[in-house]
Amino acid sequence: MTDRLIWITLLVKLGVVASVASILARVVTFRRLFFAERRTPRQTLGLLAFFLVPLTLGVWLRFWVSNFLAADISFETVILLGLLLGPSWAMLGGVVLALPAVYHHEFLALPFNVALGVAAGILGRFVEPEEVWSFTPFIDLSLYRWVRRNLRQPRIDRQILLMFLISVMEMLRDWAAHVYPGRLFALLASQTWVQVFVWLSAPINVGIALKVWSTLRLEMKLEEQKRLLLEARLDALQRQINPHFLFNTLNSIASLVRMQPEMARQMTVKLANILRALLKDHDTYVPLRDELRFTDDYLDIEVVRFGAEKLRVEKEIDPRTLNVLVPSILLQPLIENSIKHGLEPRLNGGTVTLRSRLEGDRVLIEVADDGVGMGNRPASALRRAGAGIGMKNVQERLEVLYGNQARFEVVSNPGRGTLVSIELPANLPGEP
């Protein structure tokens with residue numbers, strides 16, 4: 001084997017390792033299994049198959065295609081399996097990867113891969129997981145950090161130890177291939193300085209794969225943190241609206257207890273229905289049908305409190321929208337806002353109107369009243385001088401759940417009323 005071919009092989013192998021690592025990182029099932037905190041033996045076997053199926057074919061390809069030696073990255077693969085999965089799985093992987101070589105009379109491939117898997121697995125147990133993930137293929141930077149740290153306080157650097165031991169394993173493979181020609185595959189150069197680069201290329205290839213997966217791991221952690229943050233924010237908003245709603249409803253009941261006890265009793269039953277719905281573990285999204293059922297109980301309470309002659313409710317609901325998923329407790333704060341800030345100041349009350357309709361793949365929901373209005377203010381102004389906690393709460397939840405896919409608008413004319421419009425994606429149950 002010429003030194004020129006070795007150089008070409010080392011360069012191509014860098015690309016092969018990076019490509020295989022990147023392709024695997026794009027597979028959803030691989031990511032789920034690879035980064036799982038705990039795996040069953042069956043799941044680990046499935047994860048092992050992602051490595052062994054393509055890479056065992058790469059070993060076969062070395063024999064089928066002349067001078068395409070870079071297809072065989074079994075050495076780096078066994079080390080990665082040992083570092084990440086442990087010695088037992090690395091040994092199993094090493095046996096499978098050695099089968100094509102043994103078939104072509106490279107009989108030392110099997111015992112060498114098994115020994116390599118044991119050594120890499122023990123090394124993985126000795127090194128902390130975060131030190132494995134932070135292993136860098138840039139040897140010069142590793143050496144620089146090692147020198148700088150040890151000048152201050154001498155200690156064992158496991159990153160350098162990892163890099164050194166991988167190189168030593170490569171040296172042992174080259175020595176065995178030199179002593180037993182044709183019984184073990186290795187890149188053997190005629191010049192010593194070229195062989196040194198062969199030894200150094202092994203930790204670089206291992207580091208490249210780890211760097212690709214480490215970047216993906218960080219991205220997944222950031223996504224998980226973002227998801228948890230959104231869930232925490234939604235939970236805080238939900239906890240904010242529930243006591244606010246309960247406080248206002250109890251005030252409504254208290255106003256009727258002495259003068260109209262029968263009505264107060266009816267309102268208490270309605271309130272019990274509402275609290276049962278609030279206390280039950282419900283999903284973030286509910287069908288519009290369920291949301292309307294929830295608001296009916298609230299409106300019944302308000303109609304009793306105000307009187308049917310002062311508070312009228314109209315509905316213009318498109319039947320096609322009843323199964324569309326909407327955020328839970330979406331309409332009640334808007335209806336409450338219409339009653340409290342729009343109709344209550346008027347002596348003769350007024351009408352609250354609920355509308356819904358489909359517009360292509362989006363659903364439009366409107367809550368309108370013919371009350372006193374609150375002036376022409378944009379929806380963004382609600383954060384500063386809005387119509388209360390309920391309106392702001394709804395707007396914030398829509399931003400958390402939909403981002404820029406939701407539209408929230410408020411149009412209000414003094415003396416003529418207020419219209420709140422919400423436009424959402426028309427998702428149905430079972431859709432993502």
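Trp175, Val179 and Tyr180 form a nonpolar surface patch in this predicted model, and together they have about 340 Å² of accessible area. Areas come from the Shrake-Rupley method with a 1.4 Å probe, and for residues only the protein chains shown count as cover. Tyr180 lies in the loop between helix H9 (158-179) and helix H10 (192-254), where helices are DSSP runs (H or I) of at least four residues, numbered from the N terminus.

Local features need pLDDT of at least 70 in this predicted model, side-chain atom pairs count only at pLDDT 80 or more, and totals for chains, interfaces and linings use all residues. Residues are numbered from 1 along each chain as its sequence is written, and side-chain values use heavy atoms, without hydrogens and water.

Helix H3 (residues 41-64) and helix H4 (residues 74-85) pack at an angle of about 170 degrees, their axes 10 Å apart, and are therefore roughly antiparallel (over 145 degrees).

Asn67, in the loop between H3 and H4, and His105, in the loop between helix H5 (87-103) and helix H6 (109-126), each have a positive phi despite being a residue other than glycine. Exposed means over 50% relative accessible area, buried under 20%, and partly exposed in between.

| Residue | Phi | Relative accessible area |
|---|---|---|
| Asn67 | near 65 degrees | 52%, exposed |
| His105 | near 75 degrees | 48%, partly exposed |

How values were computed
Patches are made of residues with over 30% relative accessible area and no salt bridge: like charges are joined within 9 Å, nonpolar side chains (Val, Leu, Ile, Met, Phe, Trp, Tyr) within 5 Å. A salt bridge is a side-chain nitrogen of Lys or Arg within 4 Å of a carboxyl oxygen of Asp or Glu. Helices (H or I, at least four residues) and strands (E, at least two) are DSSP runs, numbered from the N terminus. Axes are lines fitted to C-alpha atoms, for helices over the stretch in contact, and angles run from 0 to 180 degrees between N-to-C directions. Angles under 35 degrees count as roughly parallel, over 145 as roughly antiparallel, 65 to 115 as roughly perpendicular and the rest as oblique. Buried means under 20% relative accessible area, exposed over 50%, partly exposed in between (1.4 Å probe, protein chains only).
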